[in-house]
Amino acid sequence: MELLPDIDALARWRRDNPAPVLVPTMGNLHEGHLSLVRRGQETGQPVIVSIFVNPLQFGPAEDFSSYPRTLEQDLARLRPAGVAAVFIPSEQALYPCGREALTTVVPPAALTSRLCGLGRPGHFTGVATVVAKLLSLVQPGAAVFGEKDFQQLLVIRRMVQDLNLPVEIIAVPTLREPDGLAMSSRNGYLDAGQRKLAPLLYQVLCELAAASPNEADRHGVWSRLEAAGFQPEYLELFDAATLQPPQGKASLRWFAAARLGRTRLIDNVPVNPR
Ligand code: AMP
């Protein structure tokens, strides 16, 4: 496994690996990230993982400075996974002119004006911008993203279409703990009591997805989350392709975000067609 600490090292590696598969991450890797790596390897192409905690996608009151940075542990997980290379750029390498007055990729409001876009203004601009930079530097044939961050996945797919970027976007289903909690680097913020409560978010989404869409159920679930100690941020049913309100026979998904103490959890589940 090659460690590529800068853009020159990446460019050298890239010459011998013309069509790699990119798995972009912010590190603190868990099995969910490794499932993206395995999916990338199914293409038969070398997999390159990037690790970069992107300041541009964090709001001023968010956890950028406390986000877990566990590089040695991450590398120890990636080595046995058969990853070909790990790109670990510095902030200076990705934002050479700083973050002020930066040219950014602004995804369409239709995808960012709801769900996480409401509570995290600028977040998806930060995500789209860093992913555009990574795609431009690595020039992969494909890049892998998790459905855990479903809105992010749609934003990236749309950016790739809008900018005619020559890359295939591969989506991987959410990997979960045995009790249903979606794996996430932020789960490490939960204390023991909160960790026990946390799977309720997935549980209620599954209940909503199994029922017919119904406002009373949604209000009931919201109250149950509050009574259990969550501070729900949103609980919404949307068209899984457009993030618009359900219409016709579109495939639908329930989306939720809620805080447990200082930890913000997000999850989503598909509504299976009846
Ligand atoms: P992050 O390091 O949190 O930015 O995530 C990097 C990539 O891993 C993103 O595409 C995420 O959607 C994906 N990911 C994170 N958690 C999971 C999970 N539990 N299952 C599948 N993919 C995940």
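Start at Ser90, which sits in the loop between β4 (85-87) and α4 (91-94). Helices (H or I, at least four residues) and strands (E, at least two) are DSSP runs, numbered from the N terminus. The model is a predicted one: local features need pLDDT of at least 70, side-chain atom pairs count only at pLDDT 80 or more, and totals for chains, interfaces and linings use all residues. Residues are numbered from 1 along each chain as its sequence is written, and side-chain values use heavy atoms, with hydrogens and water left out.

Ser90 has a relative accessible area of 36%, so it is partly exposed. The scale runs as follows: buried is under 20% relative accessible area, exposed is over 50%, and partly exposed is in between (1.4 Å probe, protein chains only). Setting aside neighbours within four places in sequence, Ser90 is in contact with Pro5 and Phe52. Contact here means heavy atoms within 4.5 Å. Pro46 is another matter. It lies 44 residues from Ser90 along the chain, and the two C-alpha atoms are separated by 23 Å.

Turn to helix α1 (residues 7-16). Its buried residues are Ala9, Leu10, Trp13 and Arg14. An α-helix has 3.6 residues a turn, so residues three or four places apart point the same way. On the other side of α1, Asp8 and Arg15 are exposed. The cover over the buried residues of α1 includes β1 (2-4), β3 (47-51), β4 and α7 (123-138). At the start of α1, a side-chain oxygen of Asp6 comes to within 3.2 Å of the backbone nitrogen of Asp8.

Next comes strand β2 (residues 21-25). Of its 5 residues, 5 are buried, so the strand is largely enclosed by the rest of the structure. Both faces are covered. Val21, Val23 and Thr25 are buried on one side, and Leu22 and Pro24 are buried on the other. β2 pairs with β3 in the parallel sense over 5 bridges. Two strands count as paired if DSSP finds at least two bridges between them. Within this pairing, Thr25 has Ile51 of β3 as its bridge partner.

Three strands form an open sheet in the order β7-β8-β9, with antiparallel pairing. Its edge strands are β7 (231-239) and β9 (263-271), each pairing on one side only. On average, neighbouring strands of this sheet are turned by 10 degrees against each other, direction ignored. Angles run from 0 to 180 degrees between N-to-C directions, and axes are lines fitted to C-alpha atoms, for helices over the stretch in contact. Helix α10 (residues 200-210) packs on the sheet and touches β7, β8 and β9. The direction of α10 makes about 25 degrees with that of β9. Between β7 and β8 (residues 252-260) there are 8 bridges, and the two strands run antiparallel. Glu236 stands opposite Phe255 in β8.

The loop between β7 and β8 holds Leu243. Leu243 is not a glycine, yet its phi is positive, at about 60 degrees. Its relative accessibility is 0%, so Leu243 counts as buried. Leu115 also has a positive phi, near 50 degrees, and is a residue other than glycine. Leu115 lies in the loop between α5 (109-112) and α6 (116-119). With a relative accessible area of 3%, Leu115 is buried.

What about disulfides? A disulfide is a covalent bond between the sulfur atoms of two cysteines. The working cut-off is a pair of cysteine sulfur atoms within 2.5 Å. How many disulfides does the structure hold? It holds 0. Cys116 is in no disulfide, and the nearest cysteine sulfur, that of Cys206, is 18 Å away. Is Cys116 buried or exposed? At 6% relative accessibility, Cys116 counts as buried. Cys206, at 30% relative accessibility, counts as partly exposed.

Finish in helix α8 (residues 150-162), where Gln152 lies. Gln152 counts as buried, at 18% relative accessibility. Not counting residues up to four places away in sequence, Gln152 touches Phe124, Val127 and Phe145.

How values were computed:
Polar contact = N/O pair within 3.5 Å; in protein donor to acceptor, adjacent residues only side chain to side chain.
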